[in-house]
Amino acid sequence: MEINVYPKKSNQIPAYLLAILVHSNQVGVGVLGFQRFVAKEAGHDAWISLIIAGIAAHLIMWIITRTLSLYPSSDLYGINCDVFGTWIGNVLNLLYMTYFTLIALAIMRTYIEVIQTWMFPKVSTWSIALVILGLAVYTIMGGIRIITGYTFISLVLTAWVVLDMYFPLQYARWSYLYPVLEAKLPQILNGSIAMSFTMVGFEISYILYPFLREKKRAGASAQFGLFYTNFIYLCVMIVTLTFFSKKQLMQAVWPTLNLQQMVYMPFLERFEYIIIPLWLLIILPNIMLYTWSVSRGFKRMFNWSAKKTTLLVLVTIFIACQFFLTRTHINAMVDFASRVGLYAVFAYPPFLYVMASLKAMWRKKKRGGHEHESST
């Protein structure tokens with residue numbers, strides 16, 4: 001495998017679009033119900049847990065961009081092979097590709113559960129999965145530029161989430177936020193850890209980096225997209241905490257959808273019936289980017305056809321969806337994906353940065369030694 005890869009200019013995208021890609025890949029089904037998991041650990045101090053998780057994500061994003069800047073135009077797959085060698089590097093690459101597939105599966109299966117719970121309880125899992133994956137494959141085949149163009153739609157739709165908070169905010173009880181810092185530090189940190197499944201997605205920068213034109217702007221662009229996501233999460237969390245009591249929140253499986261029921265329009269009785277179908281346009285970038293990343297890995301390691309590997313990944317996700325039919329099974333799968341994401345996104349990047357920096361120092365020292373020998 002070549003460490004650095006240089007895509008054609010026709011396949012490259014401006015660096016500022018990385019902000020949209022990072023944001024679109026972060027916002028998915030997690031925003032529909034993350035409040036309950038965080039509040040279960042930190043109570044009404046859950047908003048503090050969210051801020052801590054956001055700061056941690058910004059720090060990891062900085063580490064990711066620093067790691068990528070050590071190479072002219074490489075990605076996670078190339079860096080792993082350069083730092084750890086071909087065999088260990090490819091094993092790590094396969095593990096990351098499995099993680100990408102797992103997250104895409106968790107996102108899609110959770111969204112299917114939302115549809116079955118709120119709208120069509122008798123519709124089969126396989127039929128909804130077939131429709132979603134059919135829409136995804138059409139865009140993925142077009143390449144990263146087509147996927148990037150599609151993400152503009154999700155950017156607009158996620159802005160609605162903040163605007164819709166106006167309706168439940170009219171009934172907010174700000175006293176629910178007091179007393180501040182009632183939860184102990186371990187509880188607040190556990191709340192931050194509970195945000196891991198909702199917060200992941202910015203690690204896609206590892207794969208997108210070679211396709212950026214102005215690579216020096218990649219860090220600032222990714223940080224802006226991450227900040228916008230954290231801002232939306234914080235707004236949703238604060239409105240949720242001021243609308244529900246803790247007891248009510250613990251009983252709400254999808255708090256964000258419950259808040260949407262407060263949206264009143266004279267011509268529409270159930271606004272969530274509009275939001276849930278539109279949410280498909282928000283989760284599709286998640287599925288498309290993760291699937292594209294896996295197919296990209298197969299192409300980098302084995303030079304396999306992108307179209308064939310894309311179909312292989314989507315068929316794998318489709319088959320896996322059929323094994324998670326109950327709420328218990330889905331929760332177990334999402335919890336497992338959350339734990340894996342915690343290590344893959346928040347633990348591995350610092351380790352990789354240290355190892356890549358040591359490799360760069362060793363390479364520089366070796367080059368300096370050769371220059372000294374040649375001069376003598």
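Me: Good start! What kind of model is this?
Reply: This is a predicted model, in which local features need pLDDT of at least 70, side-chain atom pairs count only at pLDDT 80 or more, and totals for chains, interfaces and linings use all residues. Residues are numbered from 1 along each chain as its sequence is written, and side-chain values use heavy atoms, with hydrogens and water left out.

Me: Back to H2, then. Which of its residues are buried?
Reply: In helix H2 (residues 34-42), the buried ones are Phe-34, Gln-35, Arg-36, Val-38, Ala-39 and Ala-42. Buried means under 20% relative accessible area, exposed means over 50%, and partly exposed is in between, using a 1.4 Å probe and protein chains only.

Me: And H4, how many of its residues are buried?
Reply: For helix H4 (residues 76-84) the count is 9 of the 9, so H4 is largely enclosed by the rest of the structure. Among them are Tyr-77, Asn-80, Asp-82 and Phe-84. Just after H4 comes Gly-85, with a positive phi of about 95 degrees.

Me: Zooming out, how many helices and strands are there?
Reply: The protein chain has 17 helices and 0 strands. Its radius of gyration is 22 Å, close to the 21 Å from the globule rule for 376 residues, so the chain is as compact as a globular protein of that length. That radius is taken over C-alpha atoms, and the rule is 2.2 Å times the number of residues to the power 0.38. Of the 376 residues, 55% count as buried.

Me: Which residues touch the most other members of the largest nonpolar core?
Reply: Phe-34, Tyr-99, Met-108, Tyr-111, Ile-132 and Phe-202 do, in a core of 115 residues. Helix H5 (residues 86-118) gives the largest share of this core, 16 residues. A nonpolar core is a set of buried Ala, Val, Leu, Ile, Met, Phe, Trp, Tyr and Cys residues joined through side-chain atoms within 4.5 Å.

Me: Which residues is Ile-132 in contact with, leaving aside neighbours within four places in sequence?
Reply: Ile-132 is in contact with Met-108, Tyr-111, Ile-112, Leu-280, Leu-284 and Ile-287. Contact means heavy atoms within 4.5 Å.

Me: New topic: the loop between H8 and H9. Where is Leu-181, and what is its phi?
Reply: Leu-181 is in that loop, and its phi is near 65 degrees, a positive value in a residue other than glycine. With a relative accessible area of 57%, Leu-181 is exposed. Pro-179 sits in the loop between helix H8 (166-169) and H9 too, and the peptide bond from Tyr-178 to Pro-179 is cis, with omega near -5 degrees.

Me: What about Pro-186, buried or exposed?
Reply: Pro-186 counts as exposed, at 52% relative accessibility. Pro-186 lies in helix H9 (residues 185-193). Between Pro-186 and Ala-42 there are 144 residues in sequence but 8.8 Å in space, C-alpha to C-alpha.

Me: Last one: where is Asn-303?
Reply: Asn-303 is in the loop between helix H15 (272-302) and helix H16 (306-321). Its phi is positive, near 60 degrees, and Asn-303 counts as exposed at 60% relative accessibility.

Key. Helix = DSSP H or I, 4+ residues; strand = E, 2+ residues; numbered from the N terminus.
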